[in-house]
Amino acid sequence: MSTLAEIQVNVQPLADRVLVEPAPAEEKTAFGIIIPDTAKEKPQRGTVVAVGPGKKDEPMTVKVGDTVLYGKYSGTELAYEGKDVLIMRESDIYAIIG
């Protein structure tokens, strides 16, 4: 099963917005305890799948394929090709994970 990051996305975000595919929620704790669906936390990490052109005087610093950290309530959830994605401003992204 391929992720959106591995296939061509036909969505072009506008201005300083990015399209992020959230990482899957954790299934187990570090000690091996299985987490039920009702207790899973919303992930705060994901992969950038599309990037807008940026603003006139502010070029984009993230690029497609970057793994990023973002705020818990950042972005707007969308369903695209059967997958849940987030569209958010680049300023909602806290860090790029190397």
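Here is a short tour of this predicted model, stop by stop.

**Confidence first.** Colour the chain by pLDDT. The mean for the protein is 83, and 84% of its residues reach 70 or more. A word of care for your viewing: where pLDDT is low, the predicted coordinates should not be read in detail.

**The largest nonpolar core.** Next, select Val 18, Val 20, Val 48, Val 51, Met 60, Val 62, Val 68, Tyr 70, Leu 86, Met 88 and Ile 93; these 11 residues form the largest nonpolar core. Two or more of the core residues come from each of strands E1 (17-22), E2 (45-51), E3 (67-70) and E5 (83-89). Another core, of 5 residues, lies apart from this one, and Leu 19, Val 49, Ala 50 and Tyr 80 are among its members.

**Around Ile 93.** Now centre on Ile 93. Which residues does Ile 93 contact, leaving aside neighbours within four places in sequence? They are Val 18, Val 62, Val 68, Leu 69, Tyr 70 and Met 88.

Ile 97 sits in strand E6 (residues 93-97). Is Ile 97 buried or partly exposed? Its relative accessible area is 36%, so Ile 97 counts as partly exposed.

**Last stop, Asp 16.** Go to the segment before E1, where you will find Asp 16. Asp 16 counts as buried because its relative accessibility is 9%, under the 20% cut-off. Beyond its neighbours within four places in sequence, Asp 16 contacts Gly 54, Lys 55, Met 60, Met 88, Arg 89 and Glu 90.

Definitions and conventions: Residues numbered from 1 in each chain as written. Predicted model: local features only at pLDDT ≥ 70, side-chain atom pairs only at ≥ 80, totals over all residues. Heavy atoms only, no water. Core = buried A, V, L, I, M, F, W, Y, C linked by side-chain atoms within 4.5 Å. Buried < 20%, exposed > 50% of the residue type's maximum accessible area, 1.4 Å probe, protein only. Helix = DSSP H or I, 4+ residues; strand = E, 2+ residues; numbered from the N terminus. Contact = heavy atoms within 4.5 Å. pLDDT = per-residue confidence, 0-100.
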